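Please examine the sequence and the structure shown here. The paragraphs that follow lead through selected helices and a loop.

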Amino acid sequence: MRGVNKTYASGFQALKHIDLDIRRGEIFALLGPNGAGKTTLIGIVCGLVNPSAGSVSADGHDIVRDYRAARACIGLVPQELHTDAFESVWATVKFSRGLFGKAPDDGHLEKVLRDLSLWDKRHAKIMTLSGGMKRRVLIAKALSHEPKILFLDEPSAGVDVELRHDMWRMVRKLREAGTTIILTTHYIEEAEDMADRIGVINKGELILVEDKHVLMRKLGKKQLTMSLQQALERIPAGLSSLPLELSADGLTLVYTFDTQQEETGIAELLRALAEHGIDFKDLRSSESSLEEIFVSLVHQPTEKPA
C-alpha cells in the first residue's frame, strides 16, 4: 500500500496516507479502536471501497488495473454475517469457488468444511444454522478458492470458544502452507498469541508497525512487586526519586523499570529499602501485556471543555 487515503463525501477522512508492506506468509495483526479505519483499509484492498488516493498491489497485481487477478488471490471473512440464507452450505461454498473461475474441486471443499466442523451440516440451509455456524460458513466461503491472502475482519466477534480454537488452528495451518493472513481483532491476546507483526491504526493514521517481539521489548515495561512486612503510610522522601507506587493499604510497593536500559536500578532500590528499614516478605516480577502497550499507544488526553 502506497499513499492510501480515503475521504468520504461528507468530508470525513477515514484513512490518511497509509504506507504498508505485508510480507508473504506472515500473520499481520491490525489493531485499533472502533472507527480507526481498519475495515475501510481492508475494504480498499478487497475492492469493496474506492480509495481517494494511493495504490495497492496484492501478490503483484494492482487492485485497480488488474482487479480480477488481485481479487482472485484474496479471501475475506467480513465482520457482518452476510450469507445466502436459502442456500445449502455446500451450494454456497461451491458457488463462491466458481465466482473466482476456479475449476470444481470437491475434495478441497470437503477438507475446508471438515476443518471447520461443517461437513455434517453441508446439506443444511444456512438460515437454519446458529450464528457461530454461519460464521464458519463465511470462513469456508473465503477459503473456497484457495486464496494466497486471507483477511479476517474481527473473526472472533460473537463466536464460541470452540470455533475460536478451530479457527486459529486452521490459521496456523494456512500460514504453514504459505498463506498471508491479515487479521483485525478486539481480542488483543489473540494478536499477542498469533501475530508475527503488529500494526496499530488510530484516527486513520498508521502510528506503528513492528515485529511483535520487538514491540514488546521496546514498549514493554517490567514491574517488581514487593509485599511488605509492615504497612507504610507513605513512600519515604529519600525514595521519592525512584519510580515507586504504594498500594492504598500500604502493604505493597511496585517498582517500574525499562527493560531496554542496561541498569534496571533494582540493586540500588534494594539497598535504599534496607537503609530505610523497609523489609519485604515476597517479590514477584511481571511484564506489560500487548493490551497495555496498545492502550498506551492510542490513548489521547481528554480535552478540557471550553
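Which residues are buried in helix α9 (residues 266-275)? In this predicted model, the buried residues of α9 are Leu269, Ala272 and Leu273. These three residues cover an arc of only 100° around the axis, and they therefore lie on the same side of α9. The face of α9 that is turned away from the buried side carries exposed residues, namely Arg271, Ala274 and Glu275. After α9 comes Gly277, which has a positive phi, near 70°.

The loop between α3 and α4 contains Asp105. Is Asp105 buried or partly exposed? Asp105 has a relative accessible area of 31%; because buried means under 20% and exposed means over 50%, Asp105 counts as partly exposed. Leaving aside residues up to four places away in sequence, Asp105 touches Arg97 and Glu146. Asp105 and Ser144 are 39 residues apart in sequence, while their C-alpha atoms are 9.2 Å apart in space.

In general, two packed helices are described by the angle between their axes and the distance between the axes. The axes of α5 (residues 131-143) and α6 (residues 161-176) come within 10 Å and cross at roughly 10°. This angle makes α5 roughly parallel to α6, because angles under 35 degrees count as roughly parallel. The crossing in which α5 passes α6 is left-handed.

Which residues form the contact between α5 and α6? From α5 come Gly132, Arg135, Arg136, Ile139 and Leu143, and they meet Glu162, Leu163, Asp166, Met167, Met170 and Leu174 of α6. Grouped by class, the contact of α5 with α6 contains six nonpolar, one polar and four charged residues.

Terms used: Residues numbered from 1 in each chain as written. Predicted model: local features only at pLDDT ≥ 70, side-chain atom pairs only at ≥ 80, totals over all residues. Heavy atoms only, no water. Axes fitted to C-alpha atoms, helices over the stretch in contact; angles between N-to-C directions. Helix = DSSP H or I, 4+ residues; strand = E, 2+ residues; numbered from the N terminus. Parallel < 35°, antiparallel > 145°, perpendicular 65-115°, else oblique. Left-handed = near helix turned anticlockwise from the far one by under 90°. Contact = heavy atoms within 4.5 Å. Nonpolar A, V, L, I, M, F, W, Y, C, P; charged D, E, K, R; others polar. Buried < 20%, exposed > 50% of the residue type's maximum accessible area, 1.4 Å probe, protein only. Arc of directions from axis to C-beta.
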